[in-house]
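Thanks for making time this morning.

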Amino acid sequence: MSTTATTRLHVTKLGEHIGARIGGLDLAGALDPDTVSAIREALNEHKALVFSQSGIASDEQQELFASHFGPLTTAHPTVTFEEQVKKTVLPVDSEQSIANQWHTDVTFIVNPPQISTLRAVTLPPYGGETLIANAAAAYRSLPKELQALADTLWAEHSNDSDYVRPRTVNTDKEKEYQEAFVSEKYRTIHPVVRVHPLTGEKGPFIGTFARHVKIVGVSPYESTDLLRLLQSHVTRPEHVVRVAWEPGQLVLFDNRITQHYAVDNYSRAPRKLNRITVAGDIPRSVDGKTSYSVLGDASHYSPIVEVD
């Protein structure tokens, strides 16, 4: 365990490649710049941070915490809820949808969120964990030849993807959520390998929203195989931390270099997490080129953040 004395930040690693538990910190109020900097430094290193006793008990407090790291997005580019009080809050609610697909949040727009925060609101009696994977560790595990190939590839991401095509649709609420998710179509071209703007690390920037590789002469079948090969490295067990949710818990993860997955093992008991995301920059490839939009304008959802 390491301690940053000036900020009372206690960091305990949860795995070799990803995850740390943060103790000794109340996140409910305003944080001083040194504390914010220490949390950002821990996030750069560990990719996913678990605050078991966060002190955050409301959407307003979660919103304040997330805002320390940059401007906030609205809840979602397409999905809204009549009962929403805070326009920044997306309820991740088992009554409406399940996220048991490996994904990075909102990669179908040109500047996906840089950070996601999830807060436990309603928890099932068992199960319902969240898996989070380190894409940088996945890249480092690739043979040099595959790294060189992946560095050159670009892929199209879309919200009209397998993410909103579960094997079964059980309720009207689930159907309404799926219809809302694709009510406006988005298509964006991202590098298959993204360079993290703060750490310089490289990581596969793919997941369920990545539909196919954009490369001349590659068939859809071959494109699927390329994405499947890279995805299998991202989700290797040693690259993954399993977060078991507890009351009062908040999880912060770097959306630029991770993927996550909600485990569907709780018999669809009530499970609700509130998500607030921090606006992000436009991804860059290994050779410095930036992502570009093909379809859809998400400026109502998120400002574009410039990274020095």
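R194, D254, R256 and D281 are linked in a network of salt bridges, a salt bridge being a side-chain nitrogen of Lys or Arg within 4 Å of a carboxyl oxygen of Asp or Glu. Please keep in mind that this is a predicted model, in which local features need pLDDT of at least 70 and side-chain atom pairs count only at pLDDT 80 or more, while totals for chains, interfaces and linings use all residues. Residues are numbered from 1 along each chain as its sequence is written, and side-chain values use heavy atoms, with hydrogens and water left out.

Searching the whole structure gives 14 salt bridges, and I will go through some of them in turn. Between D105 and R275 there is a salt bridge with an N to O distance of 3.2 Å, and this pair joins distant parts of the chain, 170 residues apart, with D105 in the loop between β5 (90-93) and β6 (115-122) and R275 in strand β16 (residues 272-278). Both D105 and R275 are buried, where buried means under 20% relative accessible area, exposed over 50%, and partly exposed in between, with a 1.4 Å probe and protein chains only.

The next pair is E156 and R211, whose side chains meet in a salt bridge at 2.6 Å, N to O; E156 lies in strand β8 (residues 154-158) and R211 in strand β12 (residues 210-213), 55 residues apart.

Notes:
Helices (H or I, at least four residues) and strands (E, at least two) are DSSP runs, numbered from the N terminus.
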